Amino acid sequence: MTPPPPIRTALLAYGMSGKLFQAPFLAAHPGFELYGVAERTEQRMHLDYPDIRSYPSVADVLADPSIELVVVNTPSNTHFDLASQALRAGKHVLLEKPVATSVAQLQELLALAQQQGRHLLAYQNRRWDSDFRAVRRVVESGQLGQLFEVHIRYDRYKPALHFKKFKEEPGPGAGLLYDLGPHIIDQALSLFGQPLSAHKTLGSYRSGTQVDDFFSLHLRYPAGLHVWVSSSLLIADPVPAYVLHGTQGSYQKDRTDGQEAQLLQGLSPQAPDYGHEKPGQEGRLTLAAPNGTLGTTLDPAAPGNYLGLFETVFQTIRHNEPYPIRDEQLLWQNELLEQPAVL
C-alpha cells in the first residue's frame with residue numbers, strides 16, 4: 001500500500017514556541033513536511049531550516065493551497081482570530097495554549113472546524129513530559145488504592161516582569177493562569193475528568209505587576225478525591241510538582257522533564273538520549289504492605305518525547321483517528337480558566 005503524502009505544514013511564527021516545540025518535531029516526523037513560516041519583519045527560520053519558505057504575512061500563508069496544516073503559535077490574545085482565519089481558509093489547525101480566552105470563543109472555533117470539515121487540534125505537549133507520563137502510569141496502575149489528595153504544581157522564580165507585553169498587560173489571555181494554567185489543568189483533566197466543582201484563587205505579588213502571578217484551583221471529584229492545581233512565579237525553593245496520596249500509598253515526583261533544556265542545546269528529538277531523565281530524578285513510591293509496613297522505592301520515568309503528540313496529529317489528519325486531547329476536555333479547561341476567582 002502506498003503511504004499517504006506528508007502533511008505540508010506552516011508555522012505562523014518562529015519565536016521560542018516554534019523554534020523549540022514545533023519545528024524540530026515537524027522536521028523529524030516523516031509524516032510532515034515543514035514547509036513555510038510567516039515572518040513579517042526579520043527572516044530567521046532559514047538559518048535553522050534552509051529550505052523553508054518565508055511568507056510576508058499570515059494571509060500569504062493561508063492563501064497557499066498546498067499547505068494543509070497551520071500551527072497557530074502566536075501570542076495568546078491572537079489565537080482565536082488566527083485560528084478562525086486558518087479554518088476558513090480550509091486548513092487544519094494545531095493551536096497553541098490557551099486555545100481560547102473564553103468558552104464562547106472555543107465553541108465558535110469548534111463549530112467552525114466542523115462546518116469546514118477540518119481538524120482543530122490543541123497543542124497540549126505537557127502530556128508527553130517524562131514526569132507526567134510517570135504520574136499517569138502510577139495512577140492507572142491502581143497501586144495507591146483510592147486516591148483522595150493530589151497536588152499538581154508548575155512553579156518558577158521569576159520576579160521580573162516579562163518582556164512580552166501580551167503576558168503582562170491586562171487583557172484576554174494575560175497573566176500566569178492563562179500562561180501555565182492550561183498545561184497543568186489539562187494534566188488534571190486528562191487524569192480525572194471533569195470535576196464536580198472548583199474553587200479558584202488568584203494573586204499578584206511581583207513588584208509592579210498588573211496581572212496574576214499566582215493561582216490555585218481546588219477541584220473536587222466523586223469518591224472524596226480532591227485535586228489542587230497551582231502555580232507561582234515567586235517560588236524560590238520548589239516543592240515536588242506532583243504529590244499523590246491514596247489509601248494504600250503515596251507518590252511524589254519533581255518536574256524533571258528535560259526536553260526543553262535539550263532542545264535549547266540543539267539536541268534532536270531523534271537522538272538516543274533525548275527525553276531521558278538524569279540519575280537521581282526518580283519519583284518516590286511509598287506503598288503499604290498487607291501487614292501495614294511501609295516501603296519506599298525509587299520510580300524511574302520512561303523518556304518523554306513530544307514526537308508522540310505529532311504522531312497523534314498525523315494519525316488524526318491522515319487516518320481520522322480520535323485525537324487524545326478531546327473537545328470536551330478543552331471546554332472544561334476553558335470553563336475553569338474563565339470561572340471567577342474567589343478570595
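**Salt bridges, strand pairing and surface features**

The structure holds 15 salt bridges. The model is a predicted one. In one of the salt bridges, the side chains of K19 and D48 meet at 2.6 Å, N to O. K19 belongs to helix α1 (residues 16-28) and D48 to the loop between β2 (32-38) and β3 (53-55), so this pair ties together parts that are 29 residues apart in sequence. K19 counts as partly exposed because its relative accessibility is 39%, and D48, at 37%, also counts as partly exposed.

A further salt bridge joins the side chains of R126 and E260 (3.3 Å, N to O). This pair links distant parts of the chain, with R126 in the loop between β6 and α5 (130-141) and E260 in helix α9, 134 residues apart. R126 has a relative accessibility of 8% and therefore counts as buried, whereas E260, at 21%, counts as partly exposed.

D179 forms a salt bridge with K167, and the closest N and O atoms are 3.6 Å apart. Since D179 lies in helix α7 (residues 176-179) and K167 in helix α6 (residues 165-168), the pair ties together parts that are 12 residues apart in sequence. D179 is buried, with a relative accessible area of 17%; K167 is partly exposed, at 22%.

Strand pairing was examined next. Strand β8 (residues 197-203) pairs with strand β9 (residues 214-220) in the antiparallel sense over 7 bridges. Within this pairing, K200 stands opposite L217 in β9. Strand β9 also runs antiparallel to strand β10 (residues 226-232), to which 7 bridges join it. The bridge partner of H218 is W228 in β10. The hairpin of β9 and β10 has 5 residues between the strands, and A223 in this hairpin takes a positive phi near 60°.

L234 is placed in the loop between β10 and β11 (242-246). With a relative accessibility of 30%, L234 counts as partly exposed. G280, in the loop between α9 (259-264) and β13 (283-288), is exposed, with a relative accessible area of 65%.

The second largest pocket has a volume of about 310 Å³. It is lined by 17 residues, of which R118, H119, L120, L121 and D327 are the closest to its centre. Two or more lining residues come from each of the elements α4 (103-116), β6 (120-123) and α11 (327-338).

Note on methods
Residues numbered from 1 in each chain as written. Predicted model: local features only at pLDDT ≥ 70, side-chain atom pairs only at ≥ 80, totals over all residues. Heavy atoms only, no water. Pairing = 2+ DSSP bridges. Helix = DSSP H or I, 4+ residues; strand = E, 2+ residues; numbered from the N terminus. Buried < 20%, exposed > 50% of the residue type's maximum accessible area, 1.4 Å probe, protein only. 1 Å grid on protein atoms, 1.4 Å probe; cavity = no way out; pocket = protein on both sides within 12 Å on 5 of 7 lines; lining within 4 Å. Points joined across faces, edges and corners; volume = space filled by probe spheres on them. Salt bridge = Lys/Arg side-chain N within 4 Å of Asp/Glu carboxyl O.
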